[in-house]
Amino acid sequence: MHFFLKISLGLIKMRNLTLFLTTGIFILLSTVIMYALEPDNFESLLNTFYFVMTTFTTVGYGDYSPVTLPAKLYSVFMFLLGIGLLGVVIGKIVDSFTIFRKMREEGRMSYMKESHIVISGWGKKSESAIQEILDSDAEIEVVIIDTLPKSPVDFTENRVHYIQGDPTSEETFAKANITKANAVIIFADDTIQDPSLKDAKTLLVAITIERLAPTVHTTVEVMAEKNISNFTHVKVDEFILSQETISRLAVRSALYKGVSQVYSQLISRQHGEDLFQLSKKDEWITYNDAFQYLLVQGATLIADRNHLDINRRLNETIPDEAVLYIICNKETYEKLVSA
């Protein structure tokens, strides 16, 4: 008994690769030996392999069994050593799944895919943003970066990946595969009370991203408009003024009753008509060509990039690099894209 206990402890301490190779070699060797001992009984190597595996796993259906003394003795040897080997291998495999699950939940797994959206900072705004992304695109995936000990969302959600680490560290963003991302959203740290300190940390995160992936589209939440000038030397594509935006929306809602519902429709896929981006078609020469065509299809052209004066530029030629924005429902947009 002590002998077999020592063997089992030795197997458990073996390196995974050595253990798997040893088990595989022993199974193949046993198959060849058993077939060499009783070729007429087992008839083929496949039948012998089947017998070896049923012996290792203690299933032993009995449809194949040795008849000679040497084969029976070797079968006993296989039974004693094989159970230990295969049992430890199965245990290692189960442990690997457990470790993988734990590492993913704790954000210690690097993200290897591409064309994803990275969100820096976790909070209510991040949670809403993730839901909006998942609702807007059935394929795109999201990577969250934060210092929480465990994933803040259900880590079984295959389209959401968590990376634990300091958002001002290059290593953290490297794990998020930032250079292959489509876009990055940096939310202000809600654990910091001072708006200026919030923006200071956001600036550090933006600088880190700029060093690693200067071409990735970056959207930053800024708490105070006066702090935007501090970002001038960093390539930030878009700013969202958190406090000012809410205040101005509240004022517009007070002056123009119901206008908040218009905003909700434009910024969320969950309400009414939506805002979509569309590329220029070859047959559109002027903005009027695009405007009239889209109007017939059930969409309204409202802007080219940040230019909202389309109605005063209808006779102008649309540049090839134009980025047009339209208002319509999802079905109309999908029809326009497919056309």
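I began with Trp 284, which counts as buried at 1% relative accessibility; buried means under 20% relative accessible area, exposed over 50% and partly exposed in between (1.4 Å probe, protein chains only).

I noted that this is a predicted model, in which local features need pLDDT of at least 70, side-chain atom pairs count only at pLDDT 80 or more, and totals for chains, interfaces and linings use all residues. Residues are numbered from 1 along each chain as its sequence is written, and side-chain values use heavy atoms, with hydrogens and water left out.

Aromatic pairs. I took rings of Phe, Tyr and Trp (its six-membered ring) as paired if their centres lie within 6.5 Å, with planes under 30 degrees apart stacked, over 60 edge-to-face and the rest tilted. The count by this rule comes to six aromatic pairs. I found the ring centres of Phe 276 and Tyr 333 4.3 Å apart and their planes at 10 degrees, so this pair is stacked. Phe 276 lies in strand E7 (residues 274-279) and Tyr 333 in helix H12 (residues 330-338), so the pair ties together parts 57 residues apart in sequence. Helices (H or I, at least four residues) and strands (E, at least two) are DSSP runs, numbered from the N terminus. Phe 276 is buried, at 6% relative accessible area, and Tyr 333 is partly exposed, at 22%. The rings of Trp 284 and Tyr 293 have centres 5.6 Å apart and planes at 55 degrees, so I recorded that pair as tilted.

Ile 209. Leaving aside neighbours within four places in sequence, I listed its contacts (heavy atoms within 4.5 Å) as Phe 173, Ile 178, Val 184, Ile 186, Pro 214 and Thr 218.
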